[in-house]
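Here are my notes for you on this one. Have a look at the picture, then read through the points with it open.

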Amino acid sequence: MNKLNILSLLIIVIINSCGQKHKVDIGVIEGNVYNNDYLGWTIILPEDFQFISPAEKERWSRNAKDALKDDYTESQDQISLISFKMNNGSLVSYLNSQDEYPNLYSEKKFFEIGESQIKKAILNQLNFEPNFTYELEKIDNKEFSVQNIEYTSPELGNIKNQKIFLRFEGDYIFQIITTWKTEEEKHEVLETVRNSKFKKKN
């Protein structure tokens, strides 16, 4: 597996699943519409999407673990939601139980934990430079904390970009991880997220 592919998968698997303790709604797909009652989340999938299967994500995890060795960590309580790709762009979404992070007091703190792991892993194994910025963004009626990551190298310039949308939802940490290379991929994947609707059933 080459370095660029490892980089694309790094954040998706830096805190990877190997079990779950809580039962929540993982969502249903009807046609090209995904609904999750627990989150009240509805997202319309793009025409050219391809599902990312559990087997494919498990393969990513194994490849990343082999590449990152001691820098790789696993979460014991992560629940996969909708995941799909469009060309080299992708969207992966998860719920993480807050039980795993007893001292977590803010969404920014969760990002900082991941940032530390990512910097160590990339600098030790891949020799790429990750640049992090933070902002807030409202999608429909929900405010998300957002982490922007740009990966660069002296030889190749910009390699990949990621934008992670995160918010606390009850006992869980809700994440939407988007990845792209080109401006066209960026527009498609981010418009898909930003057109989401959030309305919980009574």
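1. Let's start with a term: a charge sits over a ring if NZ of Lys or CZ of Arg is within 6 Å of the ring centre and within 35 degrees of the ring normal. Here, Lys-108 lies over the face of Tyr-134, 4.6 Å from the ring centre. Likewise, the charged end of Lys-200 sits over the ring of Tyr-38, 5.6 Å from its centre.

2. A word on the source: this is a predicted model, where local features need pLDDT of at least 70 and side-chain atom pairs count only at pLDDT 80 or more, while totals for chains, interfaces and linings use all residues. Residues are numbered from 1 along each chain as its sequence is written, and side-chain values use heavy atoms, with hydrogens and water left out.

3. Now back to Tyr-38, which also pairs with Tyr-172: the ring centres are 5.7 Å apart and the planes at 85 degrees, so the pair is edge-to-face (ring centres within 6.5 Å make a pair, and planes over 60 degrees apart make it edge-to-face). Tyr-38 lies in the loop between β3 (33–36) and β4 (41–44) and Tyr-172 in strand β12 (residues 172–180), so the pair ties together parts that are 134 residues apart in sequence.

4. Buried or exposed: which is Tyr-172? With 3% relative accessibility, Tyr-172 is buried, while Tyr-38, at 24%, is partly exposed (buried means under 20% relative accessible area, exposed over 50%, partly exposed in between, with a 1.4 Å probe and protein chains only).

5. The structure holds eleven aromatic pairs. One aromatic cluster is formed by Tyr-34, Trp-41, Phe-144, Phe-165, Phe-174 and Phe-198.

Methods: Rings of Phe, Tyr and Trp (its six-membered ring) pair if their centres lie within 6.5 Å; planes under 30 degrees apart count as stacked, over 60 as edge-to-face and the rest as tilted. Helices (H or I, at least four residues) and strands (E, at least two) are DSSP runs, numbered from the N terminus.
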